[in-house]
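Hi,

Here is the structure I promised to pass on.

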Amino acid sequence: MPDVEYSVAQNPKDTIALCDRDGVSKLNNTDAADPSVIGSIVDIPRQFNLLSVFAIGYSICTAPSALILSLGVIIGSGGQATLIWGQVAIYLVSLCMAFCLAELSSAYPSAGGQYYWAAVLAPKSWSKASAFVIGHLSWASAVCACASMLVSLAEMVSAMYEIRHGNIELPAWVNFVIYQAINLIMFVFNCREAILPALSRFWLAVSLAASFICFVSMLARAPVKQSATFIFTDFTNLTGWPDGISFLTGLLGVNWGFSCLDAVTHMAEEIPNPRESIPKALIGTVIINAVLSWPMAIAVLCCIQNIEGVANSSIGLSSLSLFMQIFEGSTAGPIMLQCMLFLGGLGAVFSIHTWQSRLTGRIAPAPYETPFWSHVYSSIFVALLGCLYLGSSLAFNAFSGCLIQLQYVCYSFCIICLLARGRDSIPHGPFWLGRFGHVCNIVAVLWTLFALIFYSFPPYKDVTPSTMNYTSVVLVAFLVLAVAFYFGFGRKRFRPPTE
């Protein structure tokens with residue numbers, strides 16, 4: 001992690017001015033004196049507003065579309081019960097997570113997010129190591145999220161080509177090329193601060209339109225509509241696990257659309273009044289996604305024709321298999337709907353690029369006015385993960401699959417430090433929930449323990465080397481590497497921020 005996180009100020013004509021290593025600004029300007037701004041000061045305008053920051057958060061989650069894309073994980077692991085009632089549990093837990101992050105971002109608005117919170121909330125003897133390790137794990141989760149979405153987009157393109165050309169199977173290197181091309185394009189789009197707010201709002205509109213078009217098209221075209229009993233009371237278990245475990249492991253697919261919640265917290269220094277705006281964007285992301293995702297789940301179950309055909313898709317893409325069933329084998333309609341999901345996915349990659357670059361970097365001068373070098377090496381790491389996919393899709397899936405657990409570990413570490421220190425021992429921001437916030441903190445920590453256990457289960461009880469879930473191995477590897485890097489490098493050279 002760099003010595004300081006980046007920040008923003010008001011005058012775009014001046015040169016960069018970073019804070020010193022103790023967090024004291026070198027400039028005596030308005031932002032430096034503003035207690036709502038934490039960290040270093042860099043002279044660029046705050047071009048984001050509440051809508052554009054919310055757009056970053058929503059575009060990454062896009063729960064209605066993510067629900068369709070992760071259908072292969074959900075539909076055989078509880079099926080109807082997981083999609084309908086499992087979602088309600090995920091909504092409540094995600095809202096508790098958002099409340100926890102909102103309290104912290106309101107008290108300590110900083111682009112460093114978990115890295116900064118770990119530094120100021122952990123006991124003094126742990127502060128330096130905590131900030132270093134949590135910062136690296138947070139950044140790793142963002143890189144894994146980007147890689148996961150890029151592979152999903154590449155597989156969409158290949159699957160659409162295959163069904164249009166007589167199920168011709170494309171070689172793995174085609175997906176690799178698509179992966180790297182999209183990564184490069186989104187890298188370029190994120191190099192100029194001035195265009196980011198407008199682009200984020202554009203991708204928000206695309207994501208909403210994609211969900212709406214899929215929702216309406218499925219209901220209008222499905223040849224047979226399933227009954228209310230099938231939708232709300234049936235249970236499908238194709239995993240071999242007992243029903244309870246099958247349901248719990250299936251929650252991973254639903255949780256996918258409510259991951260990466262901390263993304264908006266890292267925009268705190270690019271928006272006016274972050275103490276109030278960031279909590280609004282966080283909570284709005286969860287609520288809007290929940291409101292739109294539940295009807296989408298009902299529509300999917302209403303229109304699905306054959307659950308096993310979707311769960312064991314012959315084309316390797318559950319969403320496209322669903323559309324093929326609905327359109328009774330015609331390829332034009334399914335490709336059109338899959339293209340809409342693809343466009344929404346592009347918005348997710350764009351927003352993840354914005355997010356991951358804010359985790360580690362200093363702002364570059366004009367014309368970039370973004371954490372450019374952080375953006376460069378984050379994108380390089382994403383590209384390297386793509387090379388891993390080319391060598392072993394199993395190894396790649398293990399890396400990309402642990403992103404939710406990495407995020408929850410980082411959130412919960414900060415929350416546990418807050419509880420140990422005492423919730424009333426820190427300065428409260430405008431968003432503070434009092435005793436209810438304490439309940440949310442406990443729920444968040446307990447859910448992290450749940451996710452570490454059940455999201456590490458293999459998807460099928462009869463485990464083979466190719467169906468084993470290796471996310472727990474990768475999670476431990478990330479932790480060991482971060483700790484080793486701290487003792488080998490960070491202990492001497494890294495200086496954490498101060499409260």
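Below are the notes on the fold, the surface and the cysteines.

This is a predicted model, so local features need pLDDT of at least 70 and side-chain atom pairs count only at pLDDT 80 or more, while totals for chains, interfaces and linings use all residues. Residues are numbered from 1 along each chain as its sequence is written, and side-chain values use heavy atoms, leaving out hydrogens and water.

The chain has 20 helices and two strands (DSSP runs numbered from the N terminus: H or I of at least four residues, E of at least two). Of its 499 residues, 60% are buried (under 20% relative accessible area; exposed is over 50% and partly exposed in between, with a 1.4 Å probe and protein chains only). Among contacts (heavy atoms within 4.5 Å) between residues at least 6 apart in sequence, 81% join residues at least 24 apart.

The chain exposes about 18700 Å², with carbon and sulfur atoms supplying 67% of it (Shrake-Rupley method, 1.4 Å probe). Helix α12, residues 274-303, gives four residues, the largest share, to the nonpolar patch. That patch covers about 380 Å² and is made by Leu-208, Ile-287, Ile-288, Val-291 and Leu-292. Leu-292 lies in helix α12 and, at 33% relative accessibility, is partly exposed.

As for the cysteines, there are zero disulfides (pairs of cysteine sulfur atoms within 2.5 Å). Cys-96 is in none, and its nearest cysteine sulfur, that of Cys-440, is 4.0 Å away. Cys-96 is buried at 13% relative accessible area, whereas Cys-387 is partly exposed at 38%.

Best wishes

Methods:
Patch = residues over 30% accessible without salt bridge, like charges linked within 9 Å, V, L, I, M, F, W, Y side chains within 5 Å. Salt bridge = Lys/Arg side-chain N within 4 Å of Asp/Glu carboxyl O.
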